[in-house]
Amino acid sequence: MQNAIELRGLKKRLGNFVLGPIDLTVPRGCIVGYIGENGAGKSTTIKLLLHLMFPDEGEIRLLGKDVQEFTPQMKKDIAYVFDDLYLPEDMTLNNVQNFHRKLYGQAWQDKTFADLVARFNLPDSKSIKHFSRGMKMQLGLALALSHGARLLLLDEATSGLDPVIRDDVLDILLDYIQNENHTVFVSSHILSDLEKVADYIAFIHKGQLLFMETKDDLMNQYGIASLSEEQLEELDDMAIVGKRPHQFGVEVMLKRELVPSDFELEKVSIEDIMVYMIKGKRK
Amino acid sequence: MNIKIKNSSNDPIYLQIKNQIRDAILNGELETDELLPSIRFLAKELRVSVITTKRAYDELEKDGFIHSVQGKGSFVAPQNIELMKERFLKKIETNITEILRYAKLAGMSHDELIEMIKTLESEHAECD
(Lines give C-alpha, C1' and ligand atoms only; values in the text may rest on other atoms or scores of the structure.)
Protein backbone atom coordinates (compact mmCIF):
# COMPACT_ATOMS: atom_id res chain seq x y z
CA MET A 1 0.00 0.00 0.00
CA GLN A 2 1.18 3.46 -0.88
CA ASN A 3 2.16 5.69 2.02
CA ALA A 4 0.97 9.28 2.25
CA ILE A 5 4.23 10.61 3.66
CA GLU A 6 7.68 9.05 3.75
CA LEU A 7 10.64 10.89 5.20
CA ARG A 8 14.09 9.29 5.00
CA GLY A 9 16.99 10.89 6.82
CA LEU A 10 15.45 14.32 6.43
CA LYS A 11 17.78 17.02 7.73
CA LYS A 12 17.67 20.81 7.74
CA ARG A 13 19.97 23.25 9.45
CA LEU A 14 18.66 26.74 10.27
CA GLY A 15 21.29 28.75 12.16
CA ASN A 16 21.81 26.95 15.45
CA PHE A 17 18.75 24.79 15.03
CA VAL A 18 19.04 21.39 13.40
CA LEU A 19 15.99 19.42 12.35
CA GLY A 20 16.48 15.70 12.02
CA PRO A 21 17.61 13.40 10.75
CA ILE A 22 13.95 12.40 10.66
CA ASP A 23 12.58 9.09 9.46
CA LEU A 24 8.82 8.91 9.44
CA THR A 25 6.16 6.99 7.56
CA VAL A 26 2.51 7.99 7.49
CA PRO A 27 0.16 5.39 6.05
CA ARG A 28 -2.79 6.46 3.91
CA GLY A 29 -6.21 7.01 5.39
CA CYS A 30 -5.26 8.23 8.84
CA ILE A 31 -4.97 11.36 10.92
CA VAL A 32 -1.55 12.06 12.39
CA GLY A 33 -1.06 14.58 15.17
CA TYR A 34 2.37 16.19 15.08
CA ILE A 35 3.16 17.56 18.52
CA GLY A 36 6.06 19.31 20.20
CA GLU A 37 7.09 22.51 21.93
CA ASN A 38 7.37 25.87 20.24
CA GLY A 39 10.53 25.77 18.16
CA ALA A 40 10.72 21.97 18.14
CA GLY A 41 10.64 21.92 14.34
CA LYS A 42 6.99 21.28 13.50
CA SER A 43 6.53 24.15 11.07
CA THR A 44 9.94 23.55 9.54
CA THR A 45 8.91 19.96 8.81
CA ILE A 46 5.68 21.09 7.18
CA LYS A 47 7.47 23.70 5.08
CA LEU A 48 9.87 21.02 3.92
CA LEU A 49 6.95 18.75 3.04
CA LEU A 50 5.43 21.52 0.96
CA HIS A 51 8.74 22.20 -0.73
CA LEU A 52 8.64 25.79 0.53
CA MET A 53 12.03 25.05 2.03
CA PHE A 54 14.62 22.61 0.78
CA PRO A 55 16.24 19.93 2.91
CA ASP A 56 20.02 19.75 3.38
CA GLU A 57 19.85 15.97 3.31
CA GLY A 58 17.33 13.21 2.95
CA GLU A 59 14.32 12.31 0.95
CA ILE A 60 10.67 13.39 1.08
CA ARG A 61 8.03 11.33 -0.67
CA LEU A 62 4.40 12.41 -0.68
CA LEU A 63 1.73 10.06 -2.03
CA GLY A 64 4.52 7.83 -3.30
CA LYS A 65 6.40 10.50 -5.25
CA ASP A 66 9.56 12.44 -4.50
CA VAL A 67 8.56 16.07 -3.87
CA GLN A 68 11.36 17.25 -6.13
CA GLU A 69 9.59 15.57 -9.02
CA PHE A 70 6.21 17.16 -8.33
CA THR A 71 4.91 19.08 -11.32
CA PRO A 72 2.63 22.10 -10.81
CA GLN A 73 -0.33 19.91 -11.87
CA MET A 74 0.44 17.41 -9.15
CA LYS A 75 0.37 20.06 -6.43
CA LYS A 76 -3.42 19.90 -6.38
CA ASP A 77 -3.03 16.59 -4.56
CA ILE A 78 -1.58 18.34 -1.53
CA ALA A 79 -3.56 20.90 0.48
CA TYR A 80 -2.48 22.98 3.44
CA VAL A 81 -3.92 25.33 6.03
CA PHE A 82 -1.64 27.63 7.97
CA ASP A 83 -2.40 29.94 10.86
CA ASP A 84 -3.03 32.76 8.39
CA LEU A 85 -4.44 33.02 4.87
CA TYR A 86 -1.57 34.71 3.06
CA LEU A 87 -3.87 36.27 0.45
CA PRO A 88 -4.24 39.95 -0.51
CA GLU A 89 -6.46 41.47 2.16
CA ASP A 90 -8.68 43.36 -0.29
CA MET A 91 -9.98 40.20 -1.92
CA THR A 92 -13.57 39.18 -1.37
CA LEU A 93 -14.80 35.61 -1.36
CA ASN A 94 -15.46 35.87 -5.08
CA ASN A 95 -11.96 37.15 -5.84
CA VAL A 96 -10.47 34.38 -3.75
CA GLN A 97 -12.50 31.78 -5.57
CA ASN A 98 -11.58 33.13 -9.02
CA PHE A 99 -7.94 33.18 -8.06
CA HIS A 100 -8.04 29.56 -6.91
CA ARG A 101 -10.05 28.47 -9.91
CA LYS A 102 -7.20 29.76 -12.11
CA LEU A 103 -4.59 28.31 -9.79
CA TYR A 104 -6.02 24.79 -9.76
CA GLY A 105 -7.71 24.71 -13.18
CA GLN A 106 -9.77 21.60 -13.75
CA ALA A 107 -9.15 20.28 -10.27
CA TRP A 108 -11.08 23.15 -8.70
CA GLN A 109 -14.53 22.16 -7.40
CA ASP A 110 -16.96 25.08 -7.34
CA LYS A 111 -19.65 23.09 -5.61
CA THR A 112 -17.49 21.76 -2.79
CA PHE A 113 -16.27 25.29 -2.16
CA ALA A 114 -19.79 26.75 -2.20
CA ASP A 115 -20.99 24.05 0.21
CA LEU A 116 -18.19 24.70 2.66
CA VAL A 117 -18.63 28.46 2.46
CA ALA A 118 -22.33 27.97 3.24
CA ARG A 119 -21.55 25.54 6.05
CA PHE A 120 -19.23 28.13 7.63
CA ASN A 121 -21.59 31.04 6.91
CA LEU A 122 -18.81 33.10 5.38
CA PRO A 123 -19.92 36.55 4.12
CA ASP A 124 -19.47 37.10 0.37
CA SER A 125 -19.53 40.90 0.40
CA LYS A 126 -16.78 41.60 2.90
CA SER A 127 -13.12 41.76 1.95
CA ILE A 128 -11.10 39.25 3.88
CA LYS A 129 -9.30 41.91 5.92
CA HIS A 130 -12.61 42.23 7.79
CA PHE A 131 -12.77 38.49 8.45
CA SER A 132 -12.27 37.33 12.02
CA ARG A 133 -9.43 34.94 12.81
CA GLY A 134 -11.91 32.05 12.84
CA MET A 135 -13.43 33.01 9.51
CA LYS A 136 -9.99 33.21 7.92
CA MET A 137 -9.18 29.72 9.08
CA GLN A 138 -12.54 28.44 7.84
CA LEU A 139 -11.89 30.02 4.45
CA GLY A 140 -8.42 28.46 4.43
CA LEU A 141 -9.95 25.08 5.14
CA ALA A 142 -12.64 25.53 2.48
CA LEU A 143 -9.95 26.39 -0.09
CA ALA A 144 -7.81 23.45 0.95
CA LEU A 145 -10.67 20.98 0.58
CA SER A 146 -11.92 22.24 -2.78
CA HIS A 147 -9.29 20.90 -5.17
CA GLY A 148 -9.50 17.18 -4.58
CA ALA A 149 -6.35 16.93 -2.48
CA ARG A 150 -5.45 13.54 -1.06
CA LEU A 151 -3.13 14.88 1.62
CA LEU A 152 -4.10 17.69 3.95
CA LEU A 153 -1.44 19.43 6.04
CA LEU A 154 -2.48 21.72 8.87
CA ASP A 155 0.07 23.84 10.70
CA GLU A 156 -1.33 25.21 13.96
CA ALA A 157 -4.47 25.99 11.97
CA THR A 158 -6.81 25.93 14.93
CA SER A 159 -4.65 27.65 17.54
CA GLY A 160 -6.31 30.71 19.00
CA LEU A 161 -9.77 29.59 17.95
CA ASP A 162 -12.73 28.96 20.21
CA PRO A 163 -13.79 25.42 21.14
CA VAL A 164 -16.91 25.50 18.97
CA ILE A 165 -15.01 26.29 15.78
CA ARG A 166 -12.35 23.73 16.66
CA ASP A 167 -15.09 21.17 17.11
CA ASP A 168 -16.42 21.96 13.63
CA VAL A 169 -12.93 21.47 12.26
CA LEU A 170 -12.77 18.02 13.84
CA ASP A 171 -16.02 17.10 12.10
CA ILE A 172 -14.63 18.28 8.79
CA LEU A 173 -11.43 16.31 9.23
CA LEU A 174 -13.41 13.19 10.12
CA ASP A 175 -15.61 13.71 7.06
CA TYR A 176 -12.50 14.09 4.96
CA ILE A 177 -10.97 10.78 5.99
CA GLN A 178 -14.17 8.88 5.29
CA ASN A 179 -12.36 8.41 1.99
CA GLU A 180 -9.61 5.96 2.84
CA ASN A 181 -7.27 7.49 0.29
CA HIS A 182 -7.27 10.73 2.24
CA THR A 183 -4.69 11.54 4.90
CA VAL A 184 -4.40 14.37 7.42
CA PHE A 185 -1.16 15.55 9.00
CA VAL A 186 -1.82 18.15 11.65
CA SER A 187 0.59 20.01 13.86
CA SER A 188 -1.08 21.44 16.91
CA HIS A 189 -0.66 22.61 20.46
CA ILE A 190 -4.26 21.98 21.27
CA LEU A 191 -3.85 18.40 22.19
CA SER A 192 -7.33 17.62 23.43
CA ASP A 193 -8.56 17.90 19.84
CA LEU A 194 -5.99 15.40 18.66
CA GLU A 195 -6.78 13.16 21.57
CA LYS A 196 -10.22 12.65 20.11
CA VAL A 197 -9.51 12.00 16.48
CA ALA A 198 -5.85 11.22 15.80
CA ASP A 199 -4.85 7.71 14.81
CA TYR A 200 -1.15 8.36 15.34
CA ILE A 201 0.83 10.81 17.42
CA ALA A 202 4.28 11.89 16.28
CA PHE A 203 6.31 13.74 18.89
CA ILE A 204 9.18 16.01 17.95
CA HIS A 205 11.54 17.49 20.52
CA LYS A 206 14.44 19.85 19.72
CA GLY A 207 14.44 18.77 16.10
CA GLN A 208 14.42 15.05 16.87
CA LEU A 209 11.48 12.74 16.36
CA LEU A 210 11.01 10.99 19.70
CA PHE A 211 8.33 8.59 18.50
CA MET A 212 5.40 8.02 16.24
CA GLU A 213 2.88 5.61 17.69
CA THR A 214 -0.79 4.83 17.50
CA LYS A 215 -2.64 7.01 19.96
CA ASP A 216 -4.31 4.02 21.61
CA ASP A 217 -1.01 2.25 22.33
CA LEU A 218 0.53 5.46 23.53
CA MET A 219 -2.21 6.21 26.00
CA ASN A 220 -2.27 2.63 27.30
CA GLN A 221 1.47 2.60 27.80
CA TYR A 222 1.59 5.21 30.53
CA GLY A 223 -0.21 6.02 33.73
CA ILE A 224 -0.05 8.74 36.34
CA ALA A 225 0.19 8.22 40.08
CA SER A 226 0.41 10.44 43.12
CA LEU A 227 3.00 9.02 45.48
CA SER A 228 4.95 9.77 48.60
CA GLU A 229 8.75 10.08 48.33
CA GLU A 230 9.09 6.65 49.99
CA GLN A 231 6.78 4.99 47.48
CA LEU A 232 8.75 6.60 44.68
CA GLU A 233 11.99 5.18 46.07
CA GLU A 234 10.63 1.65 45.74
CA LEU A 235 9.91 1.98 42.05
CA ASP A 236 12.14 0.85 39.24
CA ASP A 237 13.97 3.94 37.95
CA MET A 238 13.31 2.82 34.39
CA ALA A 239 9.58 3.00 35.01
CA ILE A 240 9.64 6.72 35.71
CA VAL A 241 9.12 8.87 32.64
CA GLY A 242 8.80 12.19 34.42
CA LYS A 243 7.83 13.57 37.78
CA ARG A 244 6.47 16.67 39.41
CA PRO A 245 7.55 16.87 43.03
CA HIS A 246 5.61 19.19 45.31
CA GLN A 247 5.47 19.93 49.05
CA PHE A 248 3.04 17.12 49.78
CA GLY A 249 4.31 14.31 47.61
CA VAL A 250 5.16 13.69 43.99
CA GLU A 251 3.20 13.10 40.81
CA VAL A 252 4.82 10.73 38.39
CA MET A 253 4.14 9.42 34.92
CA LEU A 254 5.07 5.76 34.77
CA LYS A 255 5.45 3.04 32.20
CA ARG A 256 2.67 0.63 33.03
CA GLU A 257 4.60 -2.50 32.10
CA LEU A 258 7.37 -1.69 34.56
CA VAL A 259 5.25 -1.20 37.67
CA PRO A 260 3.48 -3.91 39.70
CA SER A 261 0.07 -4.73 38.26
CA ASP A 262 -1.81 -3.87 41.46
CA PHE A 263 -0.40 -0.35 41.30
CA GLU A 264 -3.18 2.18 40.86
CA LEU A 265 -2.57 4.36 37.84
CA GLU A 266 -4.74 7.02 36.33
CA LYS A 267 -5.19 7.51 32.61
CA VAL A 268 -2.90 9.95 30.85
CA SER A 269 -3.74 12.58 28.28
CA ILE A 270 -1.51 13.43 25.33
CA GLU A 271 -0.76 16.66 27.11
CA ASP A 272 0.50 14.73 30.14
CA ILE A 273 2.73 12.64 27.91
CA MET A 274 4.20 15.71 26.25
CA VAL A 275 4.75 17.66 29.47
CA TYR A 276 6.19 14.80 31.53
CA MET A 277 8.46 13.64 28.73
CA ILE A 278 9.92 17.08 28.09
CA LYS A 279 10.32 17.86 31.78
CA GLY A 280 11.72 14.39 32.37
CA LYS A 281 14.42 15.14 29.83
CA ARG A 282 15.42 18.34 31.62
CA LYS A 283 16.54 16.64 34.82
CA MET B 1 -27.89 0.22 18.23
CA ASN B 2 -26.48 2.51 20.91
CA ILE B 3 -22.80 2.61 21.70
CA LYS B 4 -21.68 4.48 24.77
CA ILE B 5 -18.06 5.41 25.28
CA LYS B 6 -17.07 6.05 28.85
CA ASN B 7 -13.78 7.83 29.30
CA SER B 8 -13.80 6.99 32.98
CA SER B 9 -13.98 3.27 32.23
CA ASN B 10 -10.93 1.15 32.83
CA ASP B 11 -11.63 -0.75 29.63
CA PRO B 12 -9.87 0.61 26.58
CA ILE B 13 -12.21 2.19 24.04
CA TYR B 14 -11.83 -0.59 21.47
CA LEU B 15 -12.98 -3.09 24.09
CA GLN B 16 -15.99 -0.97 25.07
CA ILE B 17 -17.05 -0.88 21.42
CA LYS B 18 -16.37 -4.58 20.93
CA ASN B 19 -18.35 -5.60 24.01
CA GLN B 20 -21.36 -3.47 23.16
CA ILE B 21 -21.56 -4.78 19.60
CA ARG B 22 -21.12 -8.33 20.89
CA ASP B 23 -23.94 -7.80 23.39
CA ALA B 24 -26.18 -6.38 20.67
CA ILE B 25 -25.52 -9.48 18.59
CA LEU B 26 -26.15 -11.86 21.49
CA ASN B 27 -29.39 -10.23 22.57
CA GLY B 28 -30.65 -10.22 19.01
CA GLU B 29 -30.65 -6.45 18.50
CA LEU B 30 -28.33 -7.03 15.56
CA GLU B 31 -29.51 -9.84 13.34
CA THR B 32 -27.55 -12.38 11.37
CA ASP B 33 -26.24 -10.98 8.06
CA GLU B 34 -27.00 -7.44 9.14
CA LEU B 35 -24.51 -4.94 7.74
CA LEU B 36 -22.51 -3.15 10.40
CA PRO B 37 -21.44 0.50 10.03
CA SER B 38 -18.06 0.90 8.31
CA ILE B 39 -15.07 1.36 10.58
CA ARG B 40 -14.56 4.88 9.24
CA PHE B 41 -18.16 5.90 9.76
CA LEU B 42 -18.23 4.43 13.25
CA ALA B 43 -14.98 6.24 14.12
CA LYS B 44 -16.39 9.50 12.83
CA GLU B 45 -19.64 9.20 14.73
CA LEU B 46 -18.03 8.14 18.00
CA ARG B 47 -15.11 10.52 17.47
CA VAL B 48 -12.50 7.90 18.02
CA SER B 49 -9.54 6.82 15.97
CA VAL B 50 -10.07 4.55 12.95
CA ILE B 51 -7.46 2.26 14.47
CA THR B 52 -9.70 1.85 17.52
CA THR B 53 -12.79 0.84 15.57
CA LYS B 54 -10.73 -1.40 13.32
CA ARG B 55 -9.35 -3.21 16.34
CA ALA B 56 -12.85 -3.69 17.76
CA TYR B 57 -14.01 -5.21 14.46
CA ASP B 58 -10.89 -7.35 14.11
CA GLU B 59 -11.49 -8.86 17.52
CA LEU B 60 -15.20 -9.40 16.86
CA GLU B 61 -14.21 -11.19 13.70
CA LYS B 62 -11.60 -13.28 15.50
CA ASP B 63 -14.24 -14.30 18.05
CA GLY B 64 -16.64 -15.27 15.27
CA PHE B 65 -19.27 -12.60 15.86
CA ILE B 66 -18.88 -10.86 12.53
CA HIS B 67 -17.31 -11.55 9.17
CA SER B 68 -15.91 -9.05 6.70
CA VAL B 69 -16.23 -9.11 2.96
CA GLN B 70 -13.59 -7.16 1.06
CA GLY B 71 -15.14 -4.06 -0.45
CA LYS B 72 -18.58 -4.74 1.00
CA GLY B 73 -18.22 -4.35 4.72
CA SER B 74 -18.71 -6.31 7.90
CA PHE B 75 -21.74 -8.47 8.61
CA VAL B 76 -23.14 -10.17 11.67
CA ALA B 77 -22.12 -13.83 11.51
CA PRO B 78 -24.66 -16.55 12.26
CA GLN B 79 -24.48 -17.28 15.99
CA ASN B 80 -24.91 -20.55 17.66
CA ILE B 81 -26.84 -19.15 20.61
CA GLU B 82 -27.00 -22.50 22.40
CA LEU B 83 -23.26 -22.88 22.17
CA MET B 84 -22.83 -19.34 23.43
CA LYS B 85 -25.08 -19.98 26.40
CA GLU B 86 -23.15 -23.10 27.22
CA ARG B 87 -19.92 -21.15 27.17
CA PHE B 88 -21.38 -18.52 29.47
CA LEU B 89 -22.62 -21.23 31.84
CA LYS B 90 -19.12 -22.69 31.96
CA LYS B 91 -17.74 -19.26 32.81
CA ILE B 92 -20.33 -18.76 35.53
CA GLU B 93 -19.50 -22.15 36.96
CA THR B 94 -15.78 -21.41 37.11
CA ASN B 95 -16.39 -18.04 38.70
CA ILE B 96 -18.84 -19.32 41.27
CA THR B 97 -16.39 -22.02 42.30
CA GLU B 98 -13.86 -19.30 42.93
CA ILE B 99 -16.38 -17.17 44.80
CA LEU B 100 -17.25 -20.09 47.05
CA ARG B 101 -13.59 -20.62 47.80
CA TYR B 102 -13.18 -16.96 48.82
CA ALA B 103 -16.43 -17.00 50.83
CA LYS B 104 -15.12 -19.94 52.79
CA LEU B 105 -11.83 -18.16 53.46
CA ALA B 106 -13.72 -15.05 54.59
CA GLY B 107 -16.07 -17.12 56.71
CA MET B 108 -19.17 -15.88 54.91
CA SER B 109 -22.39 -17.81 55.32
CA HIS B 110 -24.55 -18.93 52.42
CA ASP B 111 -27.19 -16.32 53.28
CA GLU B 112 -24.65 -13.53 53.46
CA LEU B 113 -23.39 -14.48 50.05
CA ILE B 114 -26.90 -14.45 48.55
CA GLU B 115 -27.52 -11.08 50.21
CA MET B 116 -24.35 -9.72 48.61
CA ILE B 117 -25.40 -10.91 45.17
CA LYS B 118 -28.77 -9.18 45.57
CA THR B 119 -27.18 -5.92 46.68
CA LEU B 120 -24.73 -5.91 43.80
CA GLU B 121 -27.48 -6.79 41.38
CA SER B 122 -29.62 -3.83 42.40
CA GLU B 123 -26.60 -1.49 42.25
CA HIS B 124 -25.78 -2.77 38.82
CA ALA B 125 -29.36 -2.21 37.69
CA GLU B 126 -29.14 1.42 38.79
CA CYS B 127 -25.95 1.92 36.78
CA ASP B 128 -27.60 0.66 33.63
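**View 1. Salt bridge between Asp56(A) and Lys12(A) in the predicted model.** Asp56(A) pairs with Lys12(A) in a salt bridge whose closest N and O atoms lie 3.9 Å apart, the term being used for a side-chain nitrogen of Lys or Arg within 4 Å of a carboxyl oxygen of Asp or Glu. The pair links distant parts of the chain, with Asp56(A) in the loop between helix H1 (42-49) and strand E4 (57-62) of chain A and Lys12(A) in strand E1 (residues 3-14) of chain A, 44 residues apart; helices (H or I, at least four residues) and strands (E, at least two) are DSSP runs, numbered from the N terminus. Asp56(A) is partly exposed at 46% relative accessibility, whereas Lys12(A), at 12%, counts as buried; buried means under 20% relative accessible area, exposed over 50%, and partly exposed in between (1.4 Å probe, protein chains only). This is a predicted model, in which local features need pLDDT of at least 70 and side-chain atom pairs count only at pLDDT 80 or more, while totals for chains, interfaces and linings use all residues. Residues are numbered from 1 along each chain as its sequence is written, chains are lettered from A and ligands numbered from 1 in the order in which they are written, and side-chain values use heavy atoms, with hydrogens and water left out.

**View 2. Salt bridge between Glu89(A) and Lys136(A).** The side chains of these two residues, Glu89(A) and Lys136(A), are joined by a salt bridge with an N to O distance of 3.6 Å. Distant parts of the chain are linked here, since Glu89(A) belongs to the loop between strand E6 (78-81) and helix H2 (93-104) of chain A and Lys136(A) to helix H4 (residues 133-144) of chain A, 47 residues apart. Glu89(A) is partly exposed, at a relative accessible area of 38%, while Lys136(A) is buried at 18%.

**View 3. Salt-bridge network of Arg119(A), Asp175(A), Lys44(B) and Glu45(B).** Within chain A, Asp175(A) and Arg119(A) meet through their side chains in a salt bridge of 3.4 Å, N to O. Asp175(A) lies in helix H5 (residues 163-176) of chain A and Arg119(A) in helix H3 (residues 110-120) of chain A, 56 residues apart, so that the pair links distant parts of the chain. Asp175(A) has a relative accessible area of 29% and is partly exposed, as is Arg119(A) at 45%.

**View 4. Nonpolar surface patch on chain B.** Phe88(B), Leu89(B), Ile92(B), Ile96(B), Ile99(B) and Leu100(B) make a nonpolar surface patch of about 550 Å²; patches are made of residues with over 30% relative accessible area and no salt bridge, with like charges joined within 9 Å and nonpolar side chains (Val, Leu, Ile, Met, Phe, Trp, Tyr) within 5 Å. Ile96(B), one of these residues, is placed in helix H4 (residues 81-106) of chain B and is partly exposed, with 43% relative accessibility.

Methods
Accessible areas come from the Shrake-Rupley method with a 1.4 Å probe; for residues, only the protein chains shown count as cover.
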